[in-house]
Amino acid sequence: MDLSQRQETIIEIVKNHGPITGEQIAEQLNLTRATLRPDLSILTMAGLLEARPRVGYFYSGKTTDRVLADKITRFKVGDVKSVPIVIPESCTVYDAVVTMFIEDVGTLYVVREGGLLEGVVSRKDLLKTTLGGHDIHKLPISVIMTRMPNVHMTLENDSVWLAAGKLLSHEVDSLPVVRAVSGTNEKEYEVVGRFSKTNLTRIFVELGEGS
């Protein structure tokens with residue numbers, strides 16, 4: 001976040017003299033307490049200053065970059081996930097192409113009964129197959145999908161920061177948000193959402209707007 005010159009000065013005063021009251025800060029700047037109130041509110045809400053009743057303001061020790069990082073790590077995937085677009089494993093490549101076009105997504109999640117994740121198929125997978133001369137009306141999606149356990153995914157309780165790292169490191173458009181299914185011999189996961197680059201972009205926009 002960009003701070004005004006006055007807000008930068010307020011932070012320096014609090015660093016050097018904190019804890020310090022709003023009246024004392026105003027006195028050093030030759031301003032009224034009312035004039036400073038919006039600046040102090042912004043700095044406090046941003047986490048750069050902290051305030052205690054009957055004590056005053058003191059510096060939190062955080063930079064603006066650290067404050068932003070703290071906010072991002074507090075977001076959980078489950079709080080920002082989108083509705084997943086799923087197709088059955090019996091689906092043909094043609095049906096998958098139609099679904100991807102209608103839903104306007106870059107990745108489809110292939111599931112079996114109960115919404116259990118079997119694999120994923122990307123826009124690139126479908127493009128490669130359709131250009132390869134295959135009969136996409138008959139070819140099952142299970143033939144071209146990336147199968148479990150080679151699917152990159154995220155849990156609802158994972159931090160957005162962790163999920164974003166997976167998007168970048170694995171160079172994928174989205175991750176299936178999953179929930180582990182108990183009572184089975186093998187590890188199985190139910191698809192409960194989608195975490196995409198769009199979700200991540202929306203978070204940064206909201207942070208920039210102060211939401």
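Where is N30 found? N30 sits in the loop between α2 and α3, and its phi is near 55 degrees, a positive value in a residue other than glycine. Helices here are DSSP runs of H or I with at least four residues, strands are runs of E with at least two, and both are numbered from the N terminus.

Hi everyone, a quick word on the model before we go on. This is a predicted model, where local features need pLDDT of at least 70 and side-chain atom pairs count only at pLDDT 80 or more, while totals for chains, interfaces and linings use all residues. Residues are numbered from 1 along each chain as its sequence is written, and side-chain values use heavy atoms, with hydrogens and water left out.

Now to the helices. Two packed helices are described by the angle between their axes and the distance between the axes. Axes are lines fitted to C-alpha atoms, for helices over the stretch in contact, and angles run from 0 to 180 degrees between N-to-C directions.

Take α1 (residues 5-17) and α2 (residues 22-29): they pack at about 120 degrees, with axes 11 Å apart. That makes α1 oblique to α2; on this scale, under 35 degrees is roughly parallel, over 145 roughly antiparallel, 65 to 115 roughly perpendicular, and the rest oblique. On the α1 side the contact (heavy atoms within 4.5 Å) uses R6, T9, I10, I13, V14 and H17, and on the α2 side I25, Q28 and L29.

In the loop between these two helices you'll find P19, and the peptide bond joining G18 and P19 is cis, with omega about 0 degrees.

What about α1 and α3? Their axes come within 10 Å and cross at roughly 75 degrees, so α1 and α3 are roughly perpendicular to each other. R6, Q7, I10 and I11 of α1 meet T35, L36, D39, L40, I42 and L43 of α3.

Which side chain meets R6 in a salt bridge? That partner is D39, at 2.8 Å, N to O. The pair links distant parts of the chain, R6 in α1 and D39 in α3 (residues 33-45), 33 residues apart. There are 9 salt bridges in the structure, each a side-chain nitrogen of Lys or Arg within 4 Å of a carboxyl oxygen of Asp or Glu.

One more cis bond, from M148 to P149, has omega near 10 degrees. P149 lies in the loop between β6 (146-147) and β7 (154-155).
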